[in-house]
Amino acid sequence: MSQLEFSRHRRLRTSASLRSLVRENFLRLEDLIYPLFILEGENKREEVRSMPGVFRVSMDNLKTEMDEIVSLGIKSVLLFGIPDEKDACGTEAYHDHGIVQVATRYIKEHYPEMIVVADTCLCEYTDHGHCGLIENGDVDNDSSLELLVKTAVSQAEAGADIIAPSNMMDGFVAAIRAGLDEAGFENIPVMSYAVKYASAFYGPFRDAADSTPQFGDRKTYQMDPANRLEAMREAESDVKEGADFLIVKPGMPYLDIVRDVKNNYNLPVVIYNVSGEYSMVKAAAQNDWIDEKAVVMEMLTGMKRAGADLIITYHAKDAARWLKKQ
Ligand code: PBG
């Protein structure tokens, strides 16, 4: 054998200590952002049918939920509101007493260290389920921007630390940045859903948020899953418009895009490990077809390796527990 030339890669894998010495990527508790669904009304704590382990809670149950999140060491939450009343222009999204505004005030008062990220969109608040205003059968870009700015400003007024617009209208970062600045919130960052695909992986979220479009689909504003260059155009305009973070969404099927964004721009990159990705793992785990902990940790570490700095994930509570025990 001595005449053969080859590399002994296995040398660095001979023991757990050696493997940890040469490990390149790590998942940290600080990387995790946990999405929370807040329901209007009282005495509600409902498990989302297609997302075992994820609960939608009313305000009176928020304390229990937050205490658990804090005790696990999770540092950031992403808030989604589910109002009782929906209308054509999503009034509850930008109402001072809207459910997200109320929940934000409560969290910032009782858990001031917690980072509250507010999802800025209209789809949970419109009766037609689209992310903007409907004109002539399609979502109208520019009139939607005005309402999104109002929503962002009212979320900032309620105390949100970060505004995360997910609506995919053109110019939403420029409009929201200008609106926040004008209202005196020049220090509130915008975490833009810069690259958001029209994905079937959002199915379970729409169960959770009651936000399925009542007609058509979101393909005139969310991106075609087949496209890569378009992702660069979307990210570039958001950088120019003043975004502070860039989100790529969904996560697992789009790790190449995460790497592209990471290599081409110098803002923190956030990956959204979306509802459908979570549901698939949970379903397989419940059938004992996979080792849930090993699979989740491998997925989340893979996202870090792909270039994500932060991960929005429904697995955050479990991952936090597993990280603590390591
Ligand atoms: C709102 C929004 C959606 C998600 C996050 N923000 C749904 C959609 O665009 O249909 C999906 C999140 C998930 O699937 O976990 N626009």
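About 140 Å³ of space lies in the largest cavity of this predicted model. A cavity here is a set of points, on a 1 Å grid over the protein atoms alone, where a 1.4 Å probe fits but cannot get out. Its volume is the space filled by probe spheres set on the points, which are joined across faces, edges and corners. Searching the whole structure gives one cavity of 30 Å³ or more.

Residues are numbered from 1 along each chain as its sequence is written. Because the model is predicted, local features need pLDDT of at least 70 and side-chain atom pairs count only at pLDDT 80 or more, while totals for linings use all residues.

The lining (residues with an atom within 4 Å of a point) of the largest cavity has 19 residues, and C123, K196, Y202, F205 and K249 lie nearest the centre. Nine of the lining residues are nonpolar, four polar and six charged, where Asp, Glu, Lys and Arg count as charged. Strand 9 (191-196) and helix 6 (203-209) each supply at least two lining residues.

D31 sits in the loop between helix 1 (16-21) and strand 1 (32-39).

| Partner of the D31 side chain | Distance |
|---|---|
| K304, side chain | 2.9 Å |

Beyond its neighbours within four places in sequence, D31 is in contact (heavy atoms within 4.5 Å) with F26, K304, D309, L310 and I311.

Terms used
Side-chain values use heavy atoms; hydrogens and water are left out. On a 1 Å grid over the protein atoms alone, a cavity is a set of points where a 1.4 Å probe fits but cannot get out, and a pocket is an open set with protein on both sides within 12 Å along at least five of seven lines; lining residues have an atom within 4 Å of a point. Helices (H or I, at least four residues) and strands (E, at least two) are DSSP runs, numbered from the N terminus. A polar contact is a pair of N or O atoms within 3.5 Å; within protein, one must be able to donate a hydrogen and the other to accept it, and residues adjacent in sequence count only if both atoms are side-chain atoms.
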